[in-house]
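Subject: Handing over the two-chain model

Dear colleague,

I am passing on the structure we spoke about, with the sequence alongside it. Please open it first, and then read the notes below with it in view.

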Amino acid sequence: MADNIKLEVVTPEKYVVSEDVQIVMAPGTLGEFGILSGHTPFLTTLKAGSLSYKDNSGIDRALFVSGGFAEALPDKVIILAESAERRRDIDLDRAQQSLDRAQKRIDQKKENFDYERARISLQRAISRIGIVKTSI
Amino acid sequence: MATLKEVQTKISGVKKTKQITKAMNMVAASRLRGAQMAMEAFKPYAEKYAEVLGNLSEKASGDADPLLIKKEEVKNIHLIICTSDRGLCGGFNANLINKAKEFIKEKQVSNVNTTVTNFGKKGRDAFKKSSVEIVDEHIGVVGSSFNFSVASNSGQSMINKFLEGIYDEVYVLYAAFKGMGKQVPTIRHLLPVSAIDAVDKDINAPYQAEHICEPSPDELLGEMLPKNIFIQIHNALLETSTSEHAARMSAMDNATKACNDLVEELTLVYNKARQAGITADLMDIVGGAEALKG
């Protein structure tokens, strides 16, 4: 088995995760990427989406992160997220509501309609729901 | 000499004041804990951010971002002033406001015009009367719990105005929390961003390969620098909040002590007055008895 890598997820409000994990999958702006121990130093921006990792005992875990930065070093990964929610903290109803709202805005296409904003909130809602639904 | 009744009223008045100051002291203590916790919680983020930014800045070119470029002629500067909304915290606000005024005066001498953004009612009230232009004010932030968006909204407008050329430099004034009894008014330079101080590198650290950056280092820096401004503003607000509660706590502690001293003093006066009253009464009785004896 490969060595573990230290994952640190911090937001302005709190330290969300700090533990040794086997693999980290993160939503980079230029595409999703995976990081194992011994990764070459790497720095990128993140978009809103699901940050998943396999913890020490091989259990899959997922977090919702709403954009930020990630730095990978050979022995650790630092995720600087604007906000991060663990699966149990995600409010499914709220996510569903905001999904509906965003979808409606896109369908209606009113004047001065901000496509980018709607797209982002749609994306957020979808990845939140995705995290809750895919893995238990 | 004051009459017994007068002294008694005064004593009970001082005792009531003491109850209030004591209660305020305790409220401030519990708020302080909350504020300190928020500050502690934010620290790892700020530290990690500085670490990542430090790593990055080694790679990016010196003038990679417009936020790094110094203006040749500085005419208009902007000062963000953090004070509290409420008083009764000793010289806390006065110190901050004096520092701000000093700074503005200093700049005026070299013909630089200063405009301000106020966080907190006390600072706003102080500058309302002066000739300094208040661009923006935020009440109800310092001293309560607030989230990061306050700093990022305000920071974004600073950055926009800096880029538009309305502000040539931006500073933030806040009360640095140095400990329970020490809050220092501090001015920090925000924009343009001066060369980033890389985190002290451990000389013995193992060799690290260069970072791969996605997108390019310069673009990444463009993303990270504004965020760093927000972080500094947020930090300033957090520290000011913590300092405010600490200052109020010690101010109220002193007030309570002063009340105790005053009660002691007044009790002495009261007792003396009572004693004098008794003596006078006795004299009357003795005098009366002597007169009856004839």
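To begin with chain A, this chain is divided into domain 1, covering 5–87, and domain 2, covering 91–134. Please keep in mind throughout that this is a predicted model. The C-alpha centres of the two domains of chain A lie 24 Å apart, and the contact between them draws 7 residues from domain 1 and 8 residues from domain 2. On the domain 1 side of that contact, the elements of chain A that give two or more residues are β4 (42–55) and β5 (60–72), and the residues on this side divide into 3 nonpolar, 3 polar and 1 charged.

Further along chain A, helix α1 (residues 92–108) and helix α2 (residues 115–134) have axes that come within 8 Å and cross at roughly 145°, and the crossing of α1(A) past α2(A) is left-handed. If you want to look at the residues involved, α1(A) contributes, among them, A:L92, A:A95, A:L99, A:A102 and A:I106, while those from α2(A) include A:L122, A:A125, A:I126, A:I129 and A:V132. Taken over both helices, the residues of this contact divide into 11 nonpolar, 4 polar and 2 charged.

Turning to chain B, its mean pLDDT is 87, and 93% of its residues reach 70 or more. Where pLDDT is low, the predicted coordinates should not be read in detail.

Chain B also holds an open sheet of 5 strands, in the order β3-β2-β1-β4-β5 and with mixed pairing. The strands β3 (133–138) and β5 (182–191) of chain B stand at the edges with a single partner strand each, so one side of each is left without a neighbour in the sheet. From one strand to the next the twist averages 25°. Within this sheet, strand β1 (residues 76–82) and strand β4 (residues 169–179) of chain B pair in the parallel sense over 5 bridges, and B:I77 has B:E169 of β4(B) as its bridge partner. Helix α2 (residues 92–109) of chain B packs on the sheet, where it touches β1, β2 (113–119), β4 and β5 of chain B, and its direction makes about 35° with that of β5(B).

The contact between the chains takes 22 residues from chain B and 19 residues from chain A. On the side of chain B, the elements that give two or more residues are α1 (4–57), β6 (212–214) and α5 (217–293), and the largest share of that side, 9 residues, comes from α1(B). The residues of chain B that touch chain A divide into 14 nonpolar, 4 polar and 4 charged.

Strand pairing also links the chains, as 3 bridges join β4(A) to β6(B), and these two strands run parallel. Which residue of β6(B) is the bridge partner of A:L43? That partner is B:C213.

With best wishes

Technical notes: Residues are numbered from 1 along each chain as its sequence is written. Chains are lettered from A and ligands numbered from 1 in the order in which they are written. This is a predicted model: local features need pLDDT of at least 70, side-chain atom pairs count only at pLDDT 80 or more; totals for chains, interfaces and linings use all residues. Domain bounds come from an automatic or database domain assignment. Two residues are in contact if their C-beta atoms, placed from the backbone, lie within 7 Å. Helices (H or I, at least four residues) and strands (E, at least two) are DSSP runs, numbered from the N terminus. Ala, Val, Leu, Ile, Met, Phe, Trp, Tyr, Cys and Pro count as nonpolar, Asp, Glu, Lys and Arg as charged, and the others, Gly among them, as polar. pLDDT is the predictor's confidence in each residue, from 0 to 100. Two strands pair if DSSP finds at least two bridges between them. Axes are lines fitted to C-alpha atoms, for helices over the stretch in contact, and angles run from 0 to 180 degrees between N-to-C directions. A crossing is left-handed if the near helix is turned anticlockwise from the far one by less than a right angle, and right-handed if clockwise.
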